[in-house]
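Please look through the sequence and the model shown here before reading on. The paragraphs after them go from the whole chain to single residues.

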Amino acid sequence: MSGAVDLSALKQPAAAAADVPGDHAVTETNFEDRVLRRSTQVPVVVALYSQRSPGSIELVKLLEQLVTRSGGDWDLATVEAEANMRIAQAFGVQGIPTVVAVAAGQPLADFTGNQPEEQVTQWLAAVVDAVRGKLPGVGEGEAAEPEVPEDPRFVAAEEALERGEFDAAIAVYQDILAAEPNNAEAKAALRQVQFLSRVQDLDPAALAKADADPADLDAAIAAADLEMFNQQPEAAFDRLIAQVKRTAGDDRTRVRTHLLELFELFDPAEPLVVASRRKLAAALY
């Protein structure tokens with residue numbers, strides 16, 4: 001409904017307007033303040049009803065109950081349509097009841113006719129979600145779930161890493177996997193720590209050595225690890241894929257296995273990993 005209705009004419013109140021009782025009652029006289037201005041802070045749900053329509057009055061009562069439980073994320077304006085025809089005409093009301101959500105002075109969403117409480121509640125939630133972060137009076141949503149206490153085993157492993165005790169951290173993760181073979185977090189952490197442990201002893205000159213002698217498989221594997229450690233995964237992958245192309249037998253198996261281990265340091269859906277797996281397949285076949 002956004003943009004389909006012009007409410008600007010209602011900024012000038014009518015000369016005569018009928019008052020409607022109720023805390024949320026709005027007339028042409030106070031529409032600008034209670035709806036247009038208020039909607040710059042939170043969405044205002046305008047409920048147009050008729051005293052001659054018991055069903056519409058029931059819907060208004062439901063909305064009055066719901067707004068008290070809203071936490072202030074939206075406000076309610078109840079409008080007796082027959083007494084405030086300019087408001088009804090501005091919204092293009094075709095039936096009673098009509099409910100319109102107004103945000104930042106513009107209609108955002110609407111529905112016509114009585115609805116079950118569950119559907120009304122869902123509609124209101126969708127309205128609030130649509131403006132969350134856009135209107136200053138709308139809260140940040142439900143409170144975050146309580147944090148789950150950290151697993152002391154993982155804490156112990158992380159503390160060992162901080163001390164540079166890679167073997168101790170590896171042992172902790174291996175113990176976790178012995179008890180929980182499918183613990184994905186422990187599997188991923190173990191791969192990372194084993195890699196970090198391995199690169200600690202690498203000679204930085206391995207890069208130059210590998211570039212100088214492409215046939216040196218040991219140097220190529222060490223160089224790939226150094227490139228990975230230096231945040232150059234694409235270079236590491238390409239180096240080992242080149243070795244797959246030029247080797248055979250046990251050497252090819254060795255370099256392929258090492259490359260797959262490096263792939264496992266990443267999310268399988270990582271685009272670079274996906275592309276490199278395709279290059280590996282092409283190199284093998």
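What does the accessible surface of the protein chain come to, and what percentage of that surface belongs to carbon and sulfur atoms? The accessible surface is about 15,700 Å², and 50% of it belongs to carbon and sulfur atoms; accessible areas come from the Shrake-Rupley method with a 1.4 Å probe, and for residues only the protein chains shown count as cover. This is a predicted model, in which local features need pLDDT of at least 70 and side-chain atom pairs count only at pLDDT 80 or more, while totals for chains, interfaces and linings use all residues. Residues are numbered from 1 along each chain as its sequence is written, and side-chain values use heavy atoms, with hydrogens and water left out.

The protein chain has 12 helices and 4 strands, where helices (H or I, at least four residues) and strands (E, at least two) are DSSP runs numbered from the N terminus. Of the 285 residues in the chain, 40% are buried; here buried means under 20% relative accessible area, exposed means over 50%, and partly exposed lies in between (1.4 Å probe, protein chains only). Among contacts (heavy atoms within 4.5 Å) between residues at least 6 apart in sequence, 60% join residues at least 24 apart.

Leucine 66, found in helix α2, is buried, because its relative accessible area is 8%. Leaving aside residues up to four places away in sequence, leucine 66 touches Trp74, Glu117, Val120, Thr121 and Leu124. Leucine 66 and leucine 124 are 58 residues apart in sequence, yet their C-alpha atoms are 9.3 Å apart in space. Isoleucine 176, in helix α6 (residues 166-179), is likewise counted as buried, because its relative accessibility is 1%. With residues up to four places away in sequence again not counted, isoleucine 176 touches Arg153, Phe154, Asn183 and Ala186. The C-alpha atoms of isoleucine 176 and leucine 190 are 10.0 Å apart, and these two residues are separated by 14 residues in sequence.

Charged side chains come next. Side chains of opposite charge can pair when their charged atoms come close. How many salt bridges does a search of the whole structure find? The search finds 18, a salt bridge being a side-chain nitrogen of Lys or Arg within 4 Å of a carboxyl oxygen of Asp or Glu. One of them joins aspartate 33 and arginine 37, with 3.9 Å from N to O; both residues lie in helix α1 (residues 31-37), 4 residues apart, which is about one turn of the helix. Glu32, Asp33 and Arg37 are linked in a network of salt bridges.

Another salt bridge is formed by arginine 52 and glutamate 82, whose closest N and O atoms are 2.4 Å apart. Arginine 52 lies in the loop between β1 (44-49) and α2 (54-68) and glutamate 82 in the loop between β2 (75-80) and α3 (85-90), so the pair ties together parts that are 30 residues apart in sequence. Arginine 52 is exposed, at a relative accessible area of 69%, whereas glutamate 82 is partly exposed, at 39%. A salt bridge also links the side chains of aspartate 129 and arginine 132, at 3.0 Å from N to O, and arginine 132 counts as partly exposed because its relative accessibility is 25%.

Glu150, Glu158, Glu159, Glu162 and Glu185 form a negative surface patch; patches are made of residues with over 30% relative accessible area and no salt bridge, with like charges joined within 9 Å and nonpolar side chains (Val, Leu, Ile, Met, Phe, Trp, Tyr) within 5 Å. Helix α5 (residues 152-162) gives the most to the negative patch, with 3 residues. Glutamate 150 sits in the loop between α4 (117-131) and α5, and it counts as exposed because its relative accessibility is 61%.

A cis peptide bond, with omega about 0°, joins isoleucine 96 and proline 97, and proline 97 is found in the loop between α3 and β3 (98-103). Alanine 104, in the loop between β3 and β4 (106-112), has a positive phi near 55° although it is not a glycine. Glutamine 231, also not a glycine, has a positive phi of about 65° and is found in the loop between α9 (217-229) and α10 (233-246).

Technical notes:
Lys and Arg count as positive and Asp and Glu as negative; His and the chain ends are not counted. The place of a charge is taken as NZ of Lys, CZ of Arg, CG of Asp or CD of Glu.
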